[in-house]
Amino acid sequence: MKTIQKMYEHLNWANQHILETLKSIEDENQEVRRLFSHILFSEKVWITRLRGLDSSGLPIWSEVDIEVCAELVMQNEESLTTFFTNLANTDLDKLISYTNSKGTEFKNSVRDILTHVALHGQYHRGQINSRLRADGIEPVNIDFITFVR
């Protein structure tokens, strides 16, 4: 449980660092913002599923401005903090049933979902950094080891 919680502390920290960088860029890169909003909308979808609610009406890819991203960062962090406050070790192996955006039903453990969300976000934050570098902008250091120092 401690490892998963630490992964989410890192996730929130990394999202905040990406957000700060994107806010500071004068020439907004639409693809970078699209990737960042995808991370945030995906987190919201998975949080909704973990709470046992229907996520079928929530977007996964949506073009939004940086202010909407900032709001999602805050909402997701609050939702995840609440979720972890009420999560026991024994809950990690509980199966969650959900329907994906294509209408296919799945069941996964809370542990696997939480691991997926953390890794999914880090994957796309890497893509964001790659695009920033291609645009001549210093990538954001969001390495886990930097976070724990």
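How close do the axes of helix 2 and helix 4 come, and at what angle do they cross? In this predicted model, where local features need pLDDT of at least 70, side-chain atom pairs count only at pLDDT 80 or more, and totals for chains, interfaces and linings use all residues, the two axes come within 9 Å and cross at roughly 175 degrees. Residues are numbered from 1 along each chain as its sequence is written, and side-chain values use heavy atoms, with hydrogens and water left out. Axes here are lines fitted to C-alpha atoms, for helices over the stretch in contact, with angles running from 0 to 180 degrees between N-to-C directions. Helices (H or I, at least four residues) and strands (E, at least two) are DSSP runs, numbered from the N terminus.

Next comes the strand pair. Strand 1 (residues 95-99) has alternating side chains: Ile 96 and Tyr 98 point to one face and are buried (under 20% relative accessible area; exposed is over 50%, partly exposed in between, with a 1.4 Å probe and protein chains only). Strand 1 pairs with strand 2 (residues 105-109) in the antiparallel sense over five bridges (pairing takes at least two DSSP bridges), and Thr 99 has Glu 105 as its bridge partner.
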